[in-house]
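Here is a short briefing on one protein chain. Please look over the sequence and the model before reading on.

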Amino acid sequence: MPAEPVTAVAHAIQLSVAPVFLLSGIGAMMAVLANRLSRVVDRARVVEAIKPAGPDERAEIRSELKSLSARSKIISWAIGLCTLTALLISTVVAILFLGAFVSLNASMLVASLFVAGMTAFICALLLFLREVLIATAALRFGKREL
C-alpha cells in the first residue's frame, strides 16, 4: 500500500478522534438522563398508588404528579436532543472519513453539522438544568411532622 493513502487514513482518524470522544460524553449524558427518567417514572408509580386521606392530600398528590409529568417530558426532550446530537456528530465522523478517500470539499457541511450538533447538545443541557431545577424546587426537607 502506498504511503499517501495510509497518511490520508491516519489524518482522517486524527480528525475524527475528538468527535468520537464527544460521542462518549453524549452517551454518558444520555445514561444520566435515562436514569433520571426511570426515577421519575418510579416515583410517579408510588405517588399514584397513595390513597389520599383528604382533599389536602389529594391536592398535594395532584401537584406532585403534575411536577413529575413535566419533568418526564423535559427529560424526554433532552434525550431526543442528545440522540440528535449523536447522529449529527456520527455523520461528521463518516463525512470526515469519506472526505479522506473521495476528493470532496465537505468543510462547510462538516462545520454545519458540527455546529448543529453542538446547538442540539446545548439545548439538551439547558433542558437538563431546567429539569434539575424543577426537581429541587419540589423538595420538602423538614416539612413533615415526625
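This is a predicted model: local features need pLDDT of at least 70, side-chain atom pairs count only at pLDDT 80 or more; totals for chains, interfaces and linings use all residues.

Residues are numbered from 1 along each chain as its sequence is written, and side-chain values use heavy atoms, without hydrogens or water.

**Whole chain**
- The chain has 3 helices and 0 strands, in the order α-α-α from the N terminus.
- Helices (H or I, at least four residues) and strands (E, at least two) are DSSP runs, numbered from the N terminus.
- Of its 146 residues, 27% are buried, meaning under 20% relative accessible area with a 1.4 Å probe, protein chains only; exposed means over 50%, and partly exposed lies in between.
- Accessible surface totals about 9,700 Å², with 69% belonging to carbon and sulfur atoms; the method is Shrake-Rupley with a 1.4 Å probe.

**Helix α3**
- Helix α3 spans residues 107-137, 31 residues in total.
- From first C-alpha to last it reaches 45 Å, close to the 45 Å expected at 1.5 Å a residue; the expected span is 1.5 Å times one less than the number of residues.
- Its buried residues include Val 110, Leu 113, Gly 117, Phe 121 and Glu 131.
- An α-helix has 3.6 residues a turn, so residues three or four places apart point the same way.

**Ala 100**
- Ala 100 sits in helix α2 (residues 55-101).
- Ala 100 counts as partly exposed because its relative accessibility is 25%.
- Its C-alpha lies 9.5 Å from that of Ile 13, 87 residues away along the chain.
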